[in-house]
Amino acid sequence: MKYELLKVLKEGESYIKGEELIKRAKELNAASTQEDFDWFLAHQEEIPREWRDYYVVFADYTQRDCRGYLYVACLYFGGEQWDLSFRRLDGDWCGGGLFPRRKSGSFDTPESLDRKELIKKVLALESAVKEIKDFLVIC
């Protein structure tokens, strides 16, 4: 696994606000972009089983709905696979959230990627994102 996970909350905290979540992700050098999310989705079999009780926060992967609310991408285990969810940034962020961070020296090379499998998973992700965008436009 080329990522490690870091707790969103510090010792003694029960929740933080969205602005603090973004600030903390930057301070911890979290790998929180859509590209990082895509890696997780394409390599689900590499995600340790013990992470299934948590949700992984990608603080730089955001969507805005028709009312102007900003949502942050999260990855959670839905029983059989890891799934995409967007949570409103302006809400309280409680325990159970983790930031991904690249381990030093861990980079994919084109030779290390199974291109067909990656394309298949990216297409599934794009479909899921379209469904979420369509839902956000309806509201």
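Which residues have the most contacts inside the largest nonpolar core? The legends below take this up view by view. This is a predicted model, in which local features need pLDDT of at least 70, side-chain atom pairs count only at pLDDT 80 or more, and totals for chains, interfaces and linings use all residues. Residues are numbered from 1 along each chain as its sequence is written, and side-chain values use heavy atoms, with hydrogens and water left out.

**View 1. The elements of the protein chain.** The protein chain has three helices and seven strands; helices (H or I, at least four residues) and strands (E, at least two) are DSSP runs, numbered from the N terminus. Their order from the N terminus on is β-β-α-α-β-β-β-β-β-α. Of the 139 residues, 38% are buried; buried means under 20% relative accessible area, exposed over 50%, and partly exposed in between (1.4 Å probe, protein chains only).

**View 2. The largest nonpolar core.** This core has 23 residues, and those with the most contacts inside it are Phe-37, Phe-40, Phe-58, Tyr-61, Leu-75, Trp-82 and Leu-84. A nonpolar core is a set of buried Ala, Val, Leu, Ile, Met, Phe, Trp, Tyr and Cys residues joined through side-chain atoms within 4.5 Å. At least two core residues come from each of strand 1 (3–7), helix 2 (34–42), strand 3 (55–64), strand 4 (70–77), strand 5 (82–88) and helix 3 (115–138). A second, separate core has 14 residues, including Tyr-55, Cys-74, Leu-89 and Phe-99.

**View 3. The surroundings of Trp-82.** Leaving aside residues up to four places away in sequence, Trp-82 touches Leu-41, Gln-44, Ile-47, Trp-51, Arg-52, Tyr-54, Val-56, Leu-75, Tyr-76 and Phe-77. Contact means heavy atoms within 4.5 Å.

View 4. Five strands form an open sheet in the order 1-7-3-4-5, with mixed pairing; two strands pair if DSSP finds at least two bridges between them. Strand 1 and strand 5 are at the edges and have a single partner strand each, so one side of each is left without a neighbour in the sheet. From one strand to the next, the twist averages 45°. Strand 3 pairs with strand 7 (residues 97–102) in the parallel sense over two bridges, and Val-56 stands opposite Leu-98 in strand 7. Helix 1 (residues 18–27) packs on the sheet, where it touches strand 3 and strand 7, and its direction makes about 115° with that of strand 3. Helix 2 also packs on the sheet, touching strand 1, strand 3, strand 4, strand 5 and strand 7, and its direction makes about 130° with that of strand 3. Axes are lines fitted to C-alpha atoms, for helices over the stretch in contact, and angles run from 0 to 180 degrees between N-to-C directions.

View 5. Glu-35 is found in helix 2 and counts as exposed because its relative accessibility is 58%. The side chains of Glu-35 and Thr-33 are joined by a polar contact of 3.1 Å. A polar contact is a pair of N or O atoms within 3.5 Å; within protein, one must be able to donate a hydrogen and the other to accept it, and residues adjacent in sequence count only if both atoms are side-chain atoms. His-43 lies in the loop between helix 2 and strand 3 and is buried, with a relative accessible area of 12%. Its side chain reaches the backbone oxygen of Trp-39 at 2.9 Å.
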